[in-house]
Amino acid sequence: MNLPTHNQTPSLLKISGESKLQGNVTISGAKNSALAIMAGTLLCSGQCRLRNIPSLVDINHMGDVLASVGPKLHREKDILDLDTQEITTSKPPYELVSRLRASFFVIGPLLARLGVARVPLPGGCAIGARPVDLHVRGLEAMGAKVRIEHGIVHADIPGYKNRLQGGEIYLDYPSVGATETILMAATLAEGETKIENAAREPEVVDLANFCNAMGANVQGAGTNTITISGVKSLHSVDYSIIPDRIEAGTFLVAGAITHSEISLSPVIPEHLIPVIAKLRAMGVKILMEEPNCLRVIPGSLQGTDIETLPYPGFPTDMQAQLMALLAISEGDSVITETVFENRLRHVAELKRMGADIRLKGQQAIIRGVSMLTGAPVVATDLRASAALVVAGLAAKGTTTIQGLHHLDRGYDNLEGKLRQLGANLERVTVDEADLPLPIM
Ligand SMILES: CC(=O)N[C@H]1[C@@H](OP(=O)(O)OP(=O)(O)OC[C@H]2O[C@@H](n3ccc(=O)[nH]c3=O)[C@H](O)[C@@H]2O)O[C@H](CO)[C@@H](O)[C@@H]1O
Ligand SMILES: C=C(OP(=O)(O)O)C(=O)O
């Protein structure tokens, strides 16, 4: 596929602060929908056309994972065509799977389609250990035999029928990935599958709509209980991915933190309700200009408390960006991260920029300061990198951000879009020897 890959030349993002932004920004397709739906194309033996695919390194890596098991992929701008007629192996290689968490999502479709899947564990990552026990238990409840050996998850459907059987699954936690794995596997199972305490995220709904567009029968996505009546096969499809609510939320914060009025489209405002509610509580005005367009109008910023939760709670993927905003809001705020055990590493970096933040377990206690100051900082994960970018736009002086491979994983042309709004930032390549040692 003709997509950006991880740039091997070390580079830094240099941001001149105290930016004023104005204009409209186009929001790309949702990374987390696109990744799950790409895995879902393995369920059908035919041609799939996916529209509104964002240009991201993660999408490129997911494309490599799919191609490694047989499908042919072709990308033209934001349209991705997949020919999934032939699946030649049930074993995507570790070198490809280990690049991104979402690659594990191929396990459900491979198992449902081939009766066998051998998928390496995706591993932990910067934000937490991220086990896959709930995915595995869901597949077992549908009759799969699963064992983990030498870092590879071996899943088989025993018996002569070679079809998973419908089952009842209660998820101990409404995991997005586990809900998606079970949902996909159940579309081709024999009989009915019920997922209780299912994740309700918009990306789960998008995946269910995609599966239904291929002829599946998935009901209740977006609620706690999803029911899937299995069908024998799924057909070709032409499907458009929803807009990325996290990218949209990041731009809302970019407007608020720089005291700038900008508008964003296309968006589905309903998907942003928890983020908009917190921004409004902080004094930011958000107007709906048209059904799919939001306008952010800055106000004087007040602190507030935030707890990350599964949807429709406040998204963990917006926690770091809101922390940057709270760092320059009046008064004290507390952020409690409940979803991932290690997703507060940006605190140390924001402190380099003058933020007053104390960590207490999974809580960050933020005392608002009047101004951040530019500094050299390191992006520790994807959303941490976005938080440092928006902080850098507001700060006095120059911020340089290292670790841009995190940013490239999940933001489609963030720098270009910000530059178009008037921000002053550029990527500069550097000699490895000149880079500060990364923080482990
Ligand atoms: C590609 C993708 O869609 N990524 C999103 C997805 O990740 P992902 O699907 O990995 O997130 P989950 O909802 O599964 O994880 C939430 C919590 O459940 C735990 N857990 C999960 C599965 C499991 O089998 N066992 C287990 O203990 C995780 O370690 C984590 O602490 O949802 C997260 C929560 O909204 C988002 O932050 C990610 O951006
Ligand atoms: C954590 C994220 O993604 P992933 O699950 O792909 O690591 C994210 O999008 O913020």
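**A tour from the cores to ligand 2**

Begin by selecting Ile37, Ile107, Leu111, Leu183 and Ala185, the residues with the most contacts inside the largest nonpolar core, which has 74 residues. A nonpolar core is a set of buried Ala, Val, Leu, Ile, Met, Phe, Trp, Tyr and Cys residues joined through C-beta atoms within 7 Å, and a residue is buried if 20 or more other C-beta atoms lie within 10 Å of its own, exposed if 12 or fewer, and partly exposed in between, with C-beta atoms placed from the backbone. Apart from this core lies another, of 71 residues, among them Leu12, Phe251, Ile401 and Leu425.

This is a predicted model, in which local features need pLDDT of at least 70 and side-chain atom pairs count only at pLDDT 80 or more, while totals for chains, interfaces and linings use all residues. Residues are numbered from 1 along each chain as its sequence is written, and chains are lettered from A and ligands numbered from 1 in the order in which they are written.

Next, select ligand 2, whose shell includes Lys31, Arg101, Cys125, Asp317 and Arg383 (a residue is near a molecule if its C-beta atom, placed from the backbone, lies within 6 Å of it). Ligand 2 lies between domain 1 (11-28 + 243-429) and domain 2 (31-240), because both give residues to its shell; these domain bounds come from an automatic or database domain assignment.

Finally, select Cys125, which has 14 C-beta neighbours inside 10 Å and therefore counts as partly exposed. Not counting residues up to four places away in sequence, Cys125 touches Arg101 and Arg130, where contact requires C-beta atoms, placed from the backbone, within 7 Å.

Methods:
Contact = placed C-beta atoms within 7 Å.
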